[in-house]
Amino acid sequence: MAREGSEARKCVYHAAGSGIPEVKTILSGFVIRGFLGIKTLWVKTLALILSVASGLVVGQQGPLIHIACCAGNVLSRLFPKYARNDGKRREILSAAASAGVSVAFGAPIGGVLFSLEEVSYYFPLKTLWRSFFCALIAAITLKMFNPLGSGKLVLFQVSYDGDWHAFELVPFMVLGVLGGLYGHLFIAATTLWTRVRERTPIGRHPVWEVVGVAVLTGVFGYGNHYTRMGSSELVGILFGECKDEADLEGLCRPSIALTHLLLRTLLTKTLLTLLTFGLKIPGGIFIPSMAVGACAGRLMGLGVKAATEMYSDHWAFAACGRIEAGKECVIPGVYAMVGAVAALSGVTRMTVSLTIILFELTNSLLYVLPLMFTILVSKFTGDALSKNGLYDTVIERSGHPYLDAKRIFAGTGGEKRLEDVLEKPRAVVRCGRVYAVEEIEGMLAVMGHSRDGGFPVLEGDLLVGYVGCTELQHALDTTKTSPNPFSPITFRRAPPRWSLAECDPSVGCIVTPKPEGVGEGVHDFTPWMDQAPLSVPDTAPLDLVAELFVKLGVKMLCVVRDGRLVGVVNKKRLVAVLRGRDEGGL
């Protein structure tokens, strides 16, 4: 904790974790200051290199998405068109997220679909093709640099010669069920471990926690050559096919010892993934989850292969008798791939984008159907056990005011009404009143460190405008650099542009602005005021209010009765009530 004056400030770690939950929250319209800044960009880039090279069970795919969004945010601010428009800048972030996935997996189409399915809140058609172009350029650039020196974009890019058979749908379905169950248990375990971390000294000493997990990783992983290698390399050999005298680190020599070794690898990776998730270091969950699923899938593949060889005359395995000489009927690497996507889908609940990413990795249409089948089984299993995937769970656990744009809010309110989320504004601005600079600073101090709110502007009790904290702070900073930095401040109601009495049917309504002057030496803050604030009547249903927050991305909504301000609805309060966490017992 750090202190500024008498107020305690919480230390935040913007460069820790994957960053995907926070990117989703930012794309929904919420502001997390500094999360996409240039300091976060270079700190996370350097720290990601160190965390991956350390051998910890972390993936670089999620952080690469965060890094790409940081780059997009920093570069977009160089152009006034995007620097002054949050909506357009969020479109840049959507395209940057697709480029991050394109670089992480070498899958540009999958990157576009990932941005559409998983992170973006608003994804118009123009953003679709811009994201596609951005992902394409990212993949081409990666191909030209050839960072692996093998011509491949990722370590686990594979291809298979054989086809799948109908009887394999049964083990694929079992892998899907196990993947959904793993996702549910992993999310529950990480939630429990996070609570333990917060309630014990572990959470107060993040550096020592990293050191402790690093020691445990070395102790548990050193005795097994599969756990000693990096997660991406492990996934690559588990995906591999035994052909052309390939050994794949002993995977092509099935035995009881190999089965025991893979089981130990599975349990070790699961435990270390659980302990590593939530550390204050950059690290994603994609590759660790895929490694766990690939181990389970490889074990399943070895078992099915042994069954087809032992019971080759059984009618269920008749298709194996028609296989060409020298080719395998059952390819354990395919089961590893299917198990990997099952585990990842169970954890993240990704569907379409995950299918396309694996299709681009395997360069084959042969396995799209079993991948789709397994992913859907895994998602359905996970959804039946818990409603949220890992990213939504992290968002909810962090308290971010995120409303899912894909969720239908009809009937969501239940017995709750608009009055349940209505709040009195902390302060209001009065038209015509002259404020001292200290008074405006005091109003901003009332809002604390949050700058996502604002102040209704009233004339009497009538709502005539709204000024956000960010705009008010900017106007105040501009005033301090003027020749009269301590001059008083005022707000004015916008004059009517026309009236019905001035409308001539032959020429239409005549614009007749009648500006009112301000006194000498008074700063007029009217230009920084939203003179047409979004408002709803106090009789509006809660479902409508929730839809307005989702569709328009607003942070605060004014509630009026006959034009007079009744109260405001804050997004954080609304989210808390809809989640059933209101402290008043609502």
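Author: Let's start with a cluster: ring pairs link F105, F114 and F286. Keep in mind that this is a predicted model.

Reader: How many aromatic pairs turn up in the whole structure?

Author: A search of the whole structure gives 10. One of them joins Y121 and Y402.

Reader: What makes Y121 and Y402 an aromatic pair, and why is it called edge-to-face?

Author: Their ring centres are 5.8 Å apart, and the cut-off for a pair is within 6.5 Å.

Reader: What does the pair of Y121 and Y402 tie together?

Author: Parts that are 281 residues apart in sequence, because Y121 lies in the loop between α6 and α7 while Y402 lies in the loop between α17 and α18.

Reader: Why is Y121 called buried? And how do you know that Y402 is buried?

Author: Buried means under 20% relative accessible area. Y121 has 13%, so it counts as buried, and Y402, at 8%, therefore counts as buried too.

Reader: What makes F491 and F525 an edge-to-face pair?

Author: The centres are 5.9 Å apart, with 90° between the planes.

Reader: How do you know that the charged end of R228 sits over the ring of Y222?

Author: The distance to the ring centre is 5.4 Å, and the limit is within 6 Å.

Methods:
Residues numbered from 1 in each chain as written. Predicted model: local features only at pLDDT ≥ 70, side-chain atom pairs only at ≥ 80, totals over all residues. Heavy atoms only, no water. Phe/Tyr/Trp six-rings, centres within 6.5 Å; stacked < 30°, edge-to-face > 60°. Helix = DSSP H or I, 4+ residues; strand = E, 2+ residues; numbered from the N terminus. Buried < 20%, exposed > 50% of the residue type's maximum accessible area, 1.4 Å probe, protein only. Lys NZ or Arg CZ within 6 Å of the ring centre and 35° of its normal.
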